[in-house]
Amino acid sequence: MIFFTIGTQLPFDRLVAMVDDVAGKISEPIIGQIGNTDYRPLNFQYSTHVEPEDFAERVNNARIIIGHAGIGTLLAAKLAAKPVIVMARQASLGEHRNDHQSATAKQLTNIQGVHVIHNTEELLQLLISKELQPMNSETGPSLHKLHAKLRSEISKGRLKRLTKNHPTKVS
Amino acid sequence: MTNETSKQQTNLPTILAAASGGGHWNQMMQLRPALEISGNVIFATTDPQLAKLASAKYEVIEDYNQSQPMKILKGLFAAHRLIRKIKPDIVVSTGAAPGLVCLLLGHLSGARTIWVDSIANAEKLSLSGRIASNFASITLTQWEALSDKNRIQYAGSVL
């Protein structure tokens with residue numbers, strides 16, 4: 001099964017139409033969450049909204065995730081160690097308020113298991129390819145570094161209730 | 001400081017972690033282990049369903065964006081009440097606008113403030129992040145190219 005999601009905030013007709021096109025050419029079923037998109041798919045099962053707990057389950061059961069280049073989609077795929085195929089929303093086509101997704105997508109091509117597409121042909125090729133590299137669910141060095149930085153910054157804070165009464169006393 | 005996760009350790013800081021639903025919340029969840037090892041964490045989010053699902057101790061904040069001045073004003077008062085109630089020593093936010101407001105009110109209350117700009121902003125810091133960088137104790141970007149190695153620092157990312 002392939003799980004397709006466009007996130008919760010904005011419609012994404014272009015990608016929904018692309019996935020619909022591809023769904024008619026492959027035998028593997030696609031289940032979609034298409035939000036407020038006007039385009040109504042003919043070739044795959046869809047709902048507009050998926051509850052968070054069902055979302056996690058669908059991601060876990062899927063072989064591949066297809067989505068917009070949103071962080072929610074990427075992190076969900078990462079947690080489940082699945083390959084994720086993403087297409088960026090374009091502001092010029094009214095798909096988002098700005099082009100941050102294209103900028104992010106360019107950078108994402110370096111991350112293991114993230115497959116960035118621009119058209120239907122690229123999507124089809126990825127879906128019929130034998131093995132698609134999955135994302136790595138483990139906490140990588142980059143997140144470890146961020147955790148260490150946060151802990152260090154937090155430790156620089158002063159405790160209000162201690163400094164107020166007995167500056168030196170720690171209960 | 002110990003590694004115990006005991007909920008009410010009085011010698012640990014109270015941390016308010018503010019994040020809107022969606023990608024902001026997901027990123028906060030990636031930071032959660034570092035927060036919970038450092039203090040007593042209370043989350044503030046626009047989507048209580050997500051917080052319940054994560055078994056997190058939380059407060060609900062209204063959702064709004066920068067083009068809704070009346071809602072921002074209401075959000076300011078709500079954040080003020082929230083800060084007075086929780087009295088955080090540390091406020092951390094991954095965005096968006098409601099998180100920025102919590103960070104600002106936290107700053108005014110004397111808390112140490114940490115802004116983690118969303119990884120979605122690869123070419124330019126978010127507007128909220130740019131505002132936060134003017135008063136926050138530290139502003140972190142998740143893209144090395146956006147660091148100025150001073151107020152805006154890069155120290156890894158959630159991906």
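**Close-up 1. Where helix 3 of chain B meets helix 4 of chain B.** On the helix 3 side, the contact uses Ile72(B), Gly75(B), Leu76(B), Ala79(B), His80(B), Leu82(B) and Ile83(B); on the helix 4 side you'll find Pro98(B), Val101(B), Cys102(B), Leu105(B) and Gly106(B). Two residues are in contact if their C-beta atoms, placed from the backbone, lie within 7 Å. Sorted by class, that contact has 9 nonpolar, 3 polar and no charged residues. (Ala, Val, Leu, Ile, Met, Phe, Trp, Tyr, Cys and Pro count as nonpolar, Asp, Glu, Lys and Arg as charged, and the others, Gly among them, as polar.) Keep in mind that this is a predicted model, where local features need pLDDT of at least 70 and side-chain atom pairs count only at pLDDT 80 or more, while totals for chains, interfaces and linings use all residues. Residues are numbered from 1 along each chain as its sequence is written, and chains are lettered from A and ligands numbered from 1 in the order in which they are written.

**Close-up 2. The open sheet of chain A.** Here 6 strands line up in the order 3-2-1-4-5-6, with parallel pairing. Strands pair if DSSP finds at least two bridges between them; strands (E, at least two residues) and helices (H or I, at least four) are DSSP runs, numbered from the N terminus. At the edges sit strand 3 (45-47) and strand 6 (114-116) of chain A, each pairing on one side only. From one strand to the next, the twist averages 20°; angles run from 0 to 180 degrees between N-to-C directions, with axes being lines fitted to C-alpha atoms, for helices over the stretch in contact.

**Close-up 3. Strand 4 and strand 5 of chain A.** These two run parallel and are joined by 4 bridges. One pair to look for is Ile66(A) with its bridge partner Ile85(A) in strand 5. Helix 4 (residues 100-108) of chain A packs on the sheet, touching strand 4, strand 5 and strand 6 of chain A.

**Close-up 4. The buried residues of helix 1 of chain A.** In this helix (residues 13-23), Leu15(A), Val16(A), Met18(A), Val19(A), Asp20(A), Val22(A) and Ala23(A) are buried, meaning that 20 or more other C-beta atoms lie within 10 Å of their own. They pack against several elements of chain A, among them strand 1 (2-5), strand 2 (30-33) and helix 5 (120-128).

**Close-up 5. Where chain B touches chain A.** Here 41 residues of chain B are in contact with 33 residues of chain A. Helix 1 of chain B gives the largest share of chain B's side, 10 residues.

Terms used:
A residue is buried if 20 or more other C-beta atoms lie within 10 Å of its own, exposed if 12 or fewer, and partly exposed in between; C-beta atoms are placed from the backbone.
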